[in-house]
Amino acid sequence: MESVLVMYPSPGIGHLIAMVELGKLILKHYPSMSVTILTIPPPFDTGATADYISGVSSTTPSITFLHLPTPPLPQPLSSYTSYPALTSELLALSNPNVRHALQSISRDSGVLAVVIDFFCTPALGVAGELNIPAYYFFTSSGTGLALFLYFPTLHRKNTQRFRDANANTVHEVPGLPPIPSADLPEPLLDRSSKEYESFLYYATHISKSAGIIVNTFESLESEAVKAICNGLCVPDGPTPPAFCVGPLISTQGGECGSGGGGGGKECLRWLNSQPKRSVVFLCFGSLGVFSEAQLKEIAVGLEKSGQRFLWVVRSPPSKDKSRRFLAPPDPDLDSLLPDGFLDRTKDRGLVVKSWAPQVAVLNHNSVGGFVTHCGWNSVLEAVSSGVPMVAWPLYAEQRFNKVMLVEEMKVALPLEESKTGIVTAAELEKRVRELMETEKGFNFRNRVTAMKEEAKAAMSDGGSSLVALDKLIKSWRQKQI
């Protein structure tokens, strides 16, 4: 009977890419296995998932995608407060379809394990009922995993909303530097919210799995990994084994923006004509959008900085609530950016609409800095390319990631918002100049270049990530005996 690994990612493009890359890594080193990935076509924008899945299916036929029905949502999209709330509802409603899929696969194959995303926690119980070992794949950082494992303890220790805490309040989490309340992941800030309730449920259950696979490598986050493995993050119970198997980097362009097409070739042609390490790349993930006022501030800051730049611009969020979870149209650059900006900067800047091939861009030797939203896939892509960062978090756990990048890893400069929530042109100009022109920026580049070599070593024969992968596969095969 064929041995199958079933994977169940969250619908978001960043989560899907990381899970697919894990599947590819397993098949590269253990080609006798097969991988089936359960997907749910979401009724909202999650990035260019359909195009991505089509591309993977054509290049990696040993990965099978099983598309589950999309369950009807009980409320209109406009009534949901956030992407996490929407995603949580969709995946909870999908449990009957997941059960049916696992039962169907089990009739013809021996299921080694089911690997689930953090958001797919409702499926943990289904796997248990079917006697299939369930593992989590944590698509964010090792420090993020330490925090989420410890979150139930933080919940018990604190009675007020983290959002209402004194600005000087910090939280001690094993393996991490002190975390200010304001920098905790967004869904954790309001204990009365549906998102908080869902994340507490996820965090409580992750320690009940058979193991946790993490998209990181040990030397990048050594203190957090040590705290997790020593059981310090779950003080009132056992911690499942953790397997750091990263960095898992997409070979299909990364997660910058949504869409695709001819813009990628234009970017790379333009970069070919730029001096080495001279270009600042600005890109903010598949869901990162700015107001028109903020886009103008970015443009002014870039122009005044005097630096060469490649900037991916997406349309501002829709003012129509019924459209806020749907894909935005391509931006009208002439109306969104300051008058004459494109013409004045055409000799040293390129603005592209909606999408760029992020991995290829970051690996281009003309790129010397990266202004990023601090999504974990983007962080790993920058580290693996040896590119230092300016941290501009926008949503989810990105403020927390920023603290780690700036304070702990020391590979990024922080961008600070004004009291109105805007990053001013002067602030962006200052940080971009600091990264590209000063000794501090040069030191960051040296540091992240060393991390790039550590990442390569981790994924080489005998490296920490491949050793961890081997342990993981052996644990699955032993359970099958």
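# Exercises: salt bridges, a pocket and a cavity

Glu 417 forms a salt bridge with Arg 399, with 3.3 Å between the closest N and O atoms. The two lie in distant parts of the chain, 18 residues apart: Glu 417 in the loop between β15 (412–414) and α16 (425–437), Arg 399 in helix α15. This is a predicted model, in which local features need pLDDT of at least 70, side-chain atom pairs count only at pLDDT 80 or more, and totals for chains, interfaces and linings use all residues. Residues are numbered from 1 along each chain as its sequence is written, and side-chain values use heavy atoms, with hydrogens and water left out.

## Exercise 1

Task: Find how many salt bridges the rule counts, and describe the one between Glu 21 and Lys 24.

Solution. 
- Start with the rule: a side-chain nitrogen of Lys or Arg lies within 4 Å of a carboxyl oxygen of Asp or Glu.
- The count comes to 20 salt bridges.
- For Glu 21 and Lys 24, the closest N and O atoms are 3.3 Å apart.
- Both residues sit in helix α1 (residues 13–29); they are three residues apart, so about one helical turn separates them. Helices here are DSSP runs (H or I, at least four residues) and strands are E runs of at least two, numbered from the N terminus.
- Next, check burial: buried means under 20% relative accessible area, exposed over 50%, partly exposed in between (1.4 Å probe, protein chains only).
- Glu 21 has 6% relative accessibility, so Glu 21 is buried. Lys 24 has 18%, so Lys 24 is buried too.

## Exercise 2

Task: State whether Arg 161 is buried or partly exposed, and do likewise for Glu 417.

Solution. 
- Arg 161 has a relative accessible area of 28%, so Arg 161 is partly exposed.
- Its salt-bridge partner is Asp 164, with the closest N and O atoms 2.8 Å apart. Asp 164 is partly exposed at 42%.
- Glu 417 is partly exposed at 37%. Arg 399 is partly exposed at 34%.
- Salt bridges can also join up: a network links Glu 427, Lys 430, Arg 431, Glu 434 and Lys 440.

## Exercise 3

Solution. 
- At 18% relative accessibility, Glu 397 is buried.

## Exercise 4

Task: Describe the second largest pocket by its volume and its lining.

Solution. 
- The pocket holds about 400 Å³ of space.
- Its lining has 20 residues; nearest the centre are Pro 247, Leu 248, Ile 249, Thr 251 and Met 459.
- Elements giving two or more residues to this lining are α1, α14 (376–385) and α17 (439–458).
- The largest share, five residues, comes from α1.

On a 1 Å grid over the protein atoms alone, a pocket is an open set of points with protein on both sides within 12 Å along at least five of seven lines; a cavity is a set where a 1.4 Å probe fits but cannot get out; lining residues have an atom within 4 Å of a point. Points are joined across faces, edges and corners, and a volume is the space filled by probe spheres set on them.

## Exercise 5

Task: List the residues that line the second largest cavity.

Solution. 
- The second largest cavity has about 30 Å³ of space.
- Ile 17, Ala 18, Glu 21, Leu 248, Ile 249, Ser 250, Asn 377 and Glu 381 line the cavity.
- The largest share, three residues, comes from α1.
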